Amino acid sequence: MNGQELVLGAFGVYLALFLVIAITSIRAILADDGVDKHTFWDDDVVVDIDTERPINFLNCACYGLSELREVVLRAWSPGIEDTPDGIGATLRRSRDDWQILAATRHVILPTQPVHVSHLMVLKCLRQGGCDDFLFILPFHEAMQTNEIAAIDSETKSKLQVKLIRGVSRAERDCVHVLPDDEYQSFKQDAACRDSCYPAVYRVHLDETIGAETTTKVRVDYYLGKPYTPLQRRLQLGEQQRVAFGLSTLLPSPYHSVSQKTRLILMSELNIDVVSLHVYATLSEIAENIFLCGPFDKVELLSSGEPMVLTIDCTDSLEYIPQLHKQISVPMCPFSGHIQIAEHYVVYNDASPVEGHFSLETLREIDRNEGARRGGGNFVTYMDALFPQQATKLRYYDDIGNISRAYLIDRNASHNYKSVHLLPRYPLLGGWKASFTVQYRLPPCILHSRKEVGYTPIDRFALNNAFRVADWIWNYVKGGEFVVCAPLYPAIYYMYIHRATHTLTLPPGAKVTRVDSPRDAVVEVKQRQRMVLGAAVSIQEITVNVSRLALHGMEPYYTEQVLVAYTVSAWWLWRVFGVVVLHAAAGWAAVHFWRR
């Protein structure tokens, strides 16, 4: 073998290795699901169960309402300042627009989430007529819900609702656990006052009503994490009791002629009132129906006295303090599957159980309890829903794979299948578990705004050459693509304190629009990935949603985060150019050697 053949052979090996590396790099960037980039275990999530319980914010809510009332009524007095966001001035301008003739609050217990409904008869006092009104949600309730719904009681039409002031988590320095570990004190100073102000919504009527005219409106919302465990410890099988906090009056930015609260118990329960206030009492007016009030001539922004109800709870108290859902979008609808990874941290907020038990003992109790899940003391399984086309289910934690995942119903509902996920260890009261559920779905229809959803691959790309050509043409001309991501995770029934959705778009994609069915904080991040020395741009969309509580299955099927984007193929030409340069450099080296 002469030197020329040796050089040619070396160049062939060099070119072959280069092509292998190029193909591997491109395949890696297209198949990158981003799962391994995220660790979501105990060290990354710090949740103080004691300060997250809603009953701890009851005194905070009453304090915030009383301070806001001072701002509205004594705006020009010395030492009185408006709120930082100006909500005091907004309430002051609208306080004389309406009068509430009658208001009834209905609370249904002991469901999870708790359904709260306000039925109001409002009288317009504005001379030019009224077309909207303000609705106040006290801090301890606003911390458990993401939205409210309003309905005209006469026409049954849904009214438009807009959030004009939200709430955020109270500072830890403002809340202190008392020695008896049942209630908490709250600092009543300026720094903590701003954290306790209520959420304020503006409800728009269907049409403007004239002065001295009345209208009937119903406002509904759901409290996702309403209960606080009472017992410090429980014996196995002992009845779990919980506390539910509310105020005696219905806070409103308007004067009320009369108002009352009606509590409806869905079953025979032992209910007690814990309060030192005279008006914080209940009277049973019918079987399992209790009444607080009525209260006449209630001034605006009055909360009354805090009232704590203690009731028996037969349901489990697990919830998700934080969820991270990662979705990786393929380059084209027929190039691969959508990769989804859901990282969970689940807490069981029930009272701790005394003693030591075998796993089989706990599961035997669960089988006897049926849907009660251990009588509210512990959790041995979790329900999950997956689309029928979902494949490659992987269920693991920081130790490794968890093999206990069982298909229960292949046709649960709406083309979904039901799966039981068993945690590595049963979740006793006060315990938590961190784990990941990973699966993939068939290609999403991305090339049209109207066609959003998942469809089997054999019904899309392989049997429809026209759609393939349409997608290629749309890609070349830089058209808009659409991808959708379900808002709720596979484990659907738990209350989610905070959910983060991260969508990783294909290389060269640029976001044009992000739509969320709930109030959310959206952030678009840009990162670079090197492919054979060429920088490739990849965009990640992060959607943060707080306080998700599922009431009924319809939102689970319909509420989706929608992302529209355009794709440029320029990055492929850049990588191709690098390949050509490498090949040219190799050829030049061989040519120079031959000379």
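Visitor: Which residues are buried in α3?
Guide: In this predicted model, the buried residues of α3 are Leu58, Cys60, Ala61, Cys62, Tyr63, Gly64, Leu65, Leu68, Val71 and Val72.

Visitor: And how far apart are the end C-alpha atoms of that helix?
Guide: The end C-alpha atoms of α3, which covers residues 58–73, are 23 Å apart, and this agrees with the 22 Å that its 16 residues should span at 1.5 Å a residue.

Visitor: Changing topic, where does Thr215 lie, and is Thr215 buried or exposed?
Guide: Thr215 lies in strand β9, which runs over residues 214–223, and because its relative accessible area is 6%, under the 20% cut-off, Thr215 counts as buried.

Visitor: What does Thr215 touch, leaving out residues up to four places away in sequence?
Guide: With those sequence neighbours set aside, Thr215 touches Trp98, Met120, Val121, Leu122, Asp152 and Ile209.

Visitor: What about Thr214, then: which strand is it in, and what is its relative accessibility?
Guide: Thr214 is also placed in strand β9, but its relative accessibility is 39%, and since that value falls between 20% and 50%, Thr214 counts as partly exposed.

Visitor: Which residues does Thr214 touch?
Guide: Again not counting residues up to four places away in sequence, Thr214 touches Leu101, Val121, Leu122 and Lys123. Val121 and Leu122 are also on the list of residues touched by Thr215.

Visitor: How many Å separate the C-alpha atoms of Thr214 and Trp98?
Guide: Those two C-alpha atoms are separated by 9.5 Å, although Thr214 and Trp98 are 116 residues apart along the chain.

Visitor: On to strands: how do β3 and β8 pair?
Guide: Strand β3, residues 130–137, pairs with strand β8, residues 199–209, in the antiparallel sense over 7 bridges, and within that pairing Leu134 stands opposite Arg202 of β8.

Visitor: And what stands opposite Arg202 when β5 pairs with β8?
Guide: In that case Lys162 stands opposite Arg202, and the pairing of β5, residues 158–165, with β8 is antiparallel over 5 bridges.

Visitor: What is the strand order in the open sheet of 3 strands?
Guide: The order is β26-β31-β28, with antiparallel pairing. Its edge strands are β26 (480–486) and β28 (509–515), each of which pairs on one side only, and the twist from one strand to the next averages 25 degrees.

Visitor: How many bridges join β28 to β31?
Guide: There are 6 bridges between β28 and β31, the latter covering residues 560–567, in the antiparallel sense, and Ala509 stands opposite Val567 in β31.

Note on methods. Residues are numbered from 1 along each chain as its sequence is written. This is a predicted model: local features need pLDDT of at least 70, side-chain atom pairs count only at pLDDT 80 or more; totals for chains, interfaces and linings use all residues. Side-chain values use heavy atoms; hydrogens and water are left out. Helices (H or I, at least four residues) and strands (E, at least two) are DSSP runs, numbered from the N terminus. Buried means under 20% relative accessible area, exposed over 50%, partly exposed in between (1.4 Å probe, protein chains only). Contact means heavy atoms within 4.5 Å. Two strands pair if DSSP finds at least two bridges between them. Axes are lines fitted to C-alpha atoms, for helices over the stretch in contact, and angles run from 0 to 180 degrees between N-to-C directions. The expected span of a helix is 1.5 Å times one less than its number of residues.
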